[in-house]
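Hi,

Here is the structure I promised to pass on. My notes follow below it.

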Amino acid sequence: MRYLVLSDIHSNIEAFDACIHRAKHAGFESVLCCGDVVGYGPNPIEAIDILRGLKALTIRGNHDRVAAGLDEPTQFNPHARRAVFWTRSMLPDSHKDYLGNLPVGPLEITADAQLVHGAITDEDDYIFTEADANENFRLTDKHITFFGHSHFPVVFSVDAAGNSVMATTYEFDEFTAVKCEAGRKLFINPGSVGQPRDGDPRASFAIWDQDRSRMEFYRVEYDIEVTQEKMRQAQLPQYLIDRLAVGR
Ligand SMILES: [Fe+2]
């Protein structure tokens, strides 16, 4: 089975479409999403509709939880807060219900793999460092845990003896493959579709080739200016508009 692994789409359908187009070329049978379908970007309804059309197995992100009205954005910075209130105002009840009913991670995908949004400890926690990853490795026996939230494509791995390796600084060209070695636990972030923050503005996604035990990481260009113009029209914060162009 080849799984398309997505995270942090954030209502950016230009980026989302570009990822799906590239992924179809690479080939996949099933779709996984680590949450944050909405928030920040200008097309929350369409992003949800596309994801549902793909029959993606999706968990809830912190932005999805707040946009659905299940929680208030007390932990959000002012830009994120403005955007999530705007998102909430745009979503019909049917779409809020969809977000509100998404399962909370960890969600088991196979005997070997699971999805979380931020971390196993909590959907709002971040895995940025090796220390963060180590804290979470102790909480799972799964071979692979897919996560998002940080908007950084990364693989953390630990061997049976507990020695961890942070393989973070991939020189992402358009494509990189990483072997999922047996006997290791892996924490894998496919990067953000709709708001990358690793300094590369191209949309990010991954494909998990289960039979070949490998991850394929992809970066794709999309028409950032179209998304930015829609955000201007929607009067979303300038800070959020500007950051798309620099991937920060
Ligand atoms: Fe996010």
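In strand S12, methionine 215 is the bridge partner of tryptophan 208. Please keep in mind that this is a predicted model.

The hairpin. S11 and S12 pair in the antiparallel sense, over 7 bridges. They form a hairpin with 4 residues between them. Serine 213 sits in that turn and has a positive phi of about 50 degrees.

The sheet. It is open and has 6 strands, in the order S3-S2-S1-S11-S12-S9, with mixed pairing. Strand S3 (57–58) and strand S9 (175–179) are the edge strands, each pairing on one side only. S9 pairs with S12 (residues 214–220) in the antiparallel sense over 5 bridges. There, threonine 176 stands opposite phenylalanine 217 of S12. S11 also pairs with S1, again antiparallel, over 4 bridges. Leucine 4 faces isoleucine 207 in S11.

How enclosed is S11? Largely, because 6 of its 7 residues are buried. Helix H1 (residues 13–26) lies across S1 (2–6), S11 (203–209) and S12. H1 runs at about 30 degrees to S11.

Beyond its neighbours within four places in sequence, isoleucine 50 is in contact with Ile13 and Phe16. Isoleucine 13 is 37 residues away in sequence, yet 8.5 Å away in space, C-alpha to C-alpha.

Best wishes

Terms used:
Residues are numbered from 1 along each chain as its sequence is written. This is a predicted model: local features need pLDDT of at least 70, side-chain atom pairs count only at pLDDT 80 or more; totals for chains, interfaces and linings use all residues. Two residues are in contact if their C-beta atoms, placed from the backbone, lie within 7 Å. Two strands pair if DSSP finds at least two bridges between them. Helices (H or I, at least four residues) and strands (E, at least two) are DSSP runs, numbered from the N terminus. Axes are lines fitted to C-alpha atoms, for helices over the stretch in contact, and angles run from 0 to 180 degrees between N-to-C directions. A residue is buried if 20 or more other C-beta atoms lie within 10 Å of its own, exposed if 12 or fewer, and partly exposed in between; C-beta atoms are placed from the backbone.
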